[in-house]
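The sequence and structure are shown below.

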Amino acid sequence: MAVRAVTVGIVLVLLIAFCVYIVEMFVMLSAKSDMNLSCRKALIAMEISGGLDEKTEEALKNSLRKCGFENIRITGTRTARHGEELELLVEADYRLSRLSGLFTRQDTNEPMVYHRITTSRKVVN
């Protein structure tokens, strides 16, 4: 009977560690989704205005900082006429504490990149 209790205890610990690992993967997916959403809004603003202006860049940086990103680097086409290509490249680090062993956690920086090329056009809603 004692062996059974120890076995059940070990299995429960392993199961909980696996569940925590899976939840941490969803946290990373959620952070990437938030980044993509913020960058897409900035890209639409670039399409309308014909390039990346200071106001759009600052709004994008603030939005990413609110989501928990650090070391944000934004590169984009500054001016483009309608019909020309626009490029937006955003690189940022996402800091989080991850499960590195069965009972240990470690702070890590996960680099994330958003890179899109689109055409400058008039967007009508």
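## Nonpolar surface patch

In this predicted model, a nonpolar patch on the surface is formed by Val 6, Ile 10 and Leu 14, which together have about 280 Å² of accessible area. Leu 14 lies in helix α1, residues 2-49. Its relative accessibility is 48%, so Leu 14 counts as partly exposed. An α-helix has 3.6 residues a turn, so residues three or four places apart point the same way.

## Helix α1

Helix α1 has 48 residues, which at 1.5 Å a residue should span 70 Å; the C-alpha atoms at its ends are 71 Å apart, in agreement with that expectation. After α1 comes Gly 50, with a positive phi near 85 degrees.

The buried residues of α1 are Ala 17, Glu 24, Met 28, Ala 31, Met 35, Ser 38, Cys 39, Ala 42, Leu 43, Met 46 and Glu 47. Their cover includes helix α2 (54-66) and the strands β1 (69-76), β2 (85-99) and β3 (105-119).

## Cysteines

The structure contains zero disulfides. For Cys 39, the nearest cysteine sulfur belongs to Cys 67 and is 9.5 Å away, and Cys 39 is in no disulfide. A disulfide requires the two sulfur atoms to be within 2.5 Å.

The accessibility of two cysteines can be set side by side. Cys 39 has 0% relative accessibility and therefore counts as buried, whereas Cys 19, at 42%, counts as partly exposed.

Key: Residues numbered from 1 in each chain as written. Predicted model: local features only at pLDDT ≥ 70, side-chain atom pairs only at ≥ 80, totals over all residues. Heavy atoms only, no water. Patch = residues over 30% accessible without salt bridge, like charges linked within 9 Å, V, L, I, M, F, W, Y side chains within 5 Å. Areas by Shrake-Rupley, 256 points an atom, 1.4 Å probe, with all protein chains shown as cover. Salt bridge = Lys/Arg side-chain N within 4 Å of Asp/Glu carboxyl O. Helix = DSSP H or I, 4+ residues; strand = E, 2+ residues; numbered from the N terminus. Buried < 20%, exposed > 50% of the residue type's maximum accessible area, 1.4 Å probe, protein only. Expected span 1.5 Å × (residues − 1). Contact = heavy atoms within 4.5 Å.
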